[in-house]
Number of protein chains: 2
Amino acid sequence: MLEKVDLTKRMEKDEYKEKMEMLEVRIGQLQRQCKELKIPVILVFEGFGASGKGLQIGHLIQSMDPRGFQVYPIKNETEEERMHPFLWRFWTKTPERGRIAIFDGSWYRRVLIDRFEKRTKNKDLPAAFHSICAFEEQLAADGNVIIKLFLDIDKKEQKRRFDKLAKNKETAWRVTQGDLERNARYAEYAAMMEDMLFKTDTEYAPWTIIEATDRRFATVKVYTTVIKAMADQIEKVQRQKLEEHAAKEAGTGENTEASEVAREADQNMRKMQVSILSKADLSLKYTREEYRERLKKLQKKMEKLHGELYRRRIPVVLGFEGWDAGGKGGAIKRLTEKMDPRGYVVNPTASPNDIEKAHHYLWRFWRAMPKDGHVAIFDRTWYGRVMVERIEGFCTKGEWQRAYKEINDMEKDLYDAGAVVVKFWMHIDKDEQKRRFTERQENPEKRWKITDEDWRNREKWDLYEDAVNEMLLRTSTDYAPWVVVEGNDKYYARIKVLETVVNAIEDRIKK
Amino acid sequence: MLEKVDLTKRMEKDEYKEKMEMLEVRIGQLQRQCKELKIPVILVFEGFGASGKGLQIGHLIQSMDPRGFQVYPIKNETEEERMHPFLWRFWTKTPERGRIAIFDGSWYRRVLIDRFEKRTKNKDLPAAFHSICAFEEQLAADGNVIIKLFLDIDKKEQKRRFDKLAKNKETAWRVTQGDLERNARYAEYAAMMEDMLFKTDTEYAPWTIIEATDRRFATVKVYTTVIKAMADQIEKVQRQKLEEHAAKEAGTGENTEASEVAREADQNMRKMQVSILSKADLSLKYTREEYRERLKKLQKKMEKLHGELYRRRIPVVLGFEGWDAGGKGGAIKRLTEKMDPRGYVVNPTASPNDIEKAHHYLWRFWRAMPKDGHVAIFDRTWYGRVMVERIEGFCTKGEWQRAYKEINDMEKDLYDAGAVVVKFWMHIDKDEQKRRFTERQENPEKRWKITDEDWRNREKWDLYEDAVNEMLLRTSTDYAPWVVVEGNDKYYARIKVLETVVNAIEDRIKK
């Protein structure tokens, strides 16, 4: 893409002034519309050193309402960031719906400067590109406008700018050894840029090259690109709303013949589907003596392995899902009992709060991902998307269907960052659930654990069973397996969880 | 406190088991009650190395619902933390109402291990103690239960425990050179502990010494202390609710004679109060030419100083308050126009969201405090507490009256951390406000800036004027002055803001 760029483009002052006056007002209007329509916007500035990224951002935000955007300068990773999966620091910065996040430098660092300085190894590049594209695809699918601007200048111009900065004692500190090195080996660096542009110029997140030799020309092009992208998305969202409205007017669509046929097909599919859950042998159990003996041994092992993980800086992610009263809490308690509380966190997942709802559904889980050497346990997880949200209609069919891949992508990122990832389905049968519900209701110490919602969910057992089977099928991977825990006997279930975790960690350490 | 402690206390296994069974259930109940009553709980574990803090925390949380607490291990500051005011990392971790924050190590580090290792200098100790007490006092006043536990063991016992850890190759890494040093100079370290306990054992946040030689004894005492503190607060909150209810039943109290007298006295006070605002000379102005010339010069200076700040790692906090349409936005825009967007953030302050409401009112501002070398600009600030919240009755009289000191304390903390702190009151008169409101309403490009609420606030001009005068009087300090900006002329106002900021930064740099 880069060799075709005409870097001699310029704009005269009069034309510039005239254009800018209109563009500046327009940006303000669009920002307000995006806010109203709850459209999140992501702006990425990349490009050569001294190509004027900071200057362009500085100008652009002057036309925006400061209540609606945030600028993130992306520099070398901090200690904290280095100890998390690569995308963690970007996921946690994705904008709320209706807000604009501006990245000065970005996740592309990994395939640009980090590649140039050999911090990213060649063998890791394919995974890095995949991870970047998956990240952007997920955000775009969730309604984010992703605008990626690449500021281009040539070797000579860059040299000229560095020289100018270096000559002035107030700006000399801005030119680093790395900058000069990349100027000296401009062609080599440009080739990496080219490779990056080629591999990440997608329909959902296209690149725009900004010819940045002339600042006026560049500014007008930056504004125009941003305006175009925002306006397109606004139009799209407005059209969708109209269509939805029209569809509603034309009848709910629930009773059309086509939807009848589709439903029937669904039911047929259901019958043909493999039920993973039905294969679980719920008669498995341990006597009290067996349980206590194994528990003691495994907890001791776990305590030791926890120290080992910490020293080796291995992060561990454990997800717990299961039927209500399936024994998640009890299993987590036995698992953590002898672990050092400074090295693990149990993240209980309730329904999302305001802020969480205003982000991509994976955002809150990304925020809670463990540092290297730490264990994060999730009591209910991101799989809510394909269970409760699917069944209760909290998300659209397209959204939960897309979620399987999104979740697999996220877990792959965690795995690639060195994490042990295991997910447990705490399985009991319907009779056992009834027995436990009743017991809870009768015991004053346990009554708080049971709510009307639990009884309502129970009525949807079959729907859940289908969803769970599909989930287990689609998201059990080599790198992040599902383990179905036969849970009618609590002793057996707790031991199986502990055993599985111990084995998974031991396997990773042996590697 | 420490020399009186009897470290030989022990407890037999049978007694322990019997007691714990009851205590564990009780903790769970109290946690649920605190959640219901929205009582936030802060648990601090301090004490000698190897006194068993981790173990005690590990045990305690086993009796708690993981959805309601979080453990924070406090170690050496990270890069990010080092570049913020000392209390920043603790303020950002204060619990939501109804939740429990458990600190393994804490803000006491600064007057313990950091003092021992001479990272905290002797001359900074008084400020450190003041800052710690003010922090705890504020949280307690906001309804937090603060439980501080000090785990005590003697030199010999500590040595025995270190030796045992060091002997085992799996735990040897836990014993650091620092640990051994502190054991060797036990008496010296204990004297610092003693000093700390003496200076920070307050009514609102008392210390409890836990004799930790015998683990069973220690565990029972930890549980008992936590239970007592939680139960006391629950009782207090319930009593308050009853009293409020009774007061309501007995009539609103609005029309009693006493309140009549109090109101009259208030009005008299008002007449006698110095009006700072009335002294502002609103006729001050610049011609367009004067303005443009000064603006250009000052913006250039500001750009340069911004780089200088960054290099010298000086943080800057600028607060903007003022009448609606007083020109805050315009002034901020001119101030930042030539600044590098990577080095400043404008934080617009809207009404607090769910999460913010569930914390101390200063929490969200602490979170936004700048790193060293960065500039944080607040468009409306923490002074909302003593203006809108006071006038609209969003907080109690006690709360806003207390706020002056709380705010002064916070700004002092920022100043002590090296920050330049300036607050601007953008002042216009009532006629000028009317003119601007009308202009906004008539200009389609500006109409979004004006809401019905603005007109409603305008009706409360006098109430605000009193509140502002009192605020300026009580919170203008040497270290964080208020600057009243004569704002009828926008040119004059913008220049005065820029000039003030430039001067404040230059003064700091000269120091």
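**A close look at the sheet in chain A**

Analyst: Let's start with one pair of residues: A:Leu43 has A:Ile102, in strand 3 of chain A, as its bridge partner. Keep in mind that this is a predicted model. In general, the strands of a sheet pair through backbone hydrogen bonds, and they can do so in a parallel or an antiparallel way.

Now zoom out a bit. Chain A has an open sheet of five strands, and if you walk across it the order is 2-3-1-4-5, with parallel pairing. At the edges sit strand 2 (69-73) and strand 5 (207-211) of chain A, each of which pairs on one side only. On average, neighbouring strands in this sheet are turned by 20° against each other, ignoring direction.

Next, what lies against the sheet? Helix 10 (residues 215-249) of chain A packs on it, touching strand 1, strand 4 (145-152) and strand 5 of chain A. Compare directions and you'll find that helix 10 makes about 165° with strand 4 of chain A.

One last stop is the contact between the chains, which takes 34 residues from chain A and 34 residues from chain B. On chain B's side, helix 2 of chain B gives the largest share, five residues. Sort the residues on that side of chain B by type and you get 13 nonpolar, six polar and 15 charged.

Definitions and conventions. Residues are numbered from 1 along each chain as its sequence is written. Chains are lettered from A and ligands numbered from 1 in the order in which they are written. This is a predicted model: local features need pLDDT of at least 70, side-chain atom pairs count only at pLDDT 80 or more; totals for chains, interfaces and linings use all residues. Two residues are in contact if their C-beta atoms, placed from the backbone, lie within 7 Å. Helices (H or I, at least four residues) and strands (E, at least two) are DSSP runs, numbered from the N terminus. Ala, Val, Leu, Ile, Met, Phe, Trp, Tyr, Cys and Pro count as nonpolar, Asp, Glu, Lys and Arg as charged, and the others, Gly among them, as polar. Two strands pair if DSSP finds at least two bridges between them. Axes are lines fitted to C-alpha atoms, for helices over the stretch in contact, and angles run from 0 to 180 degrees between N-to-C directions.
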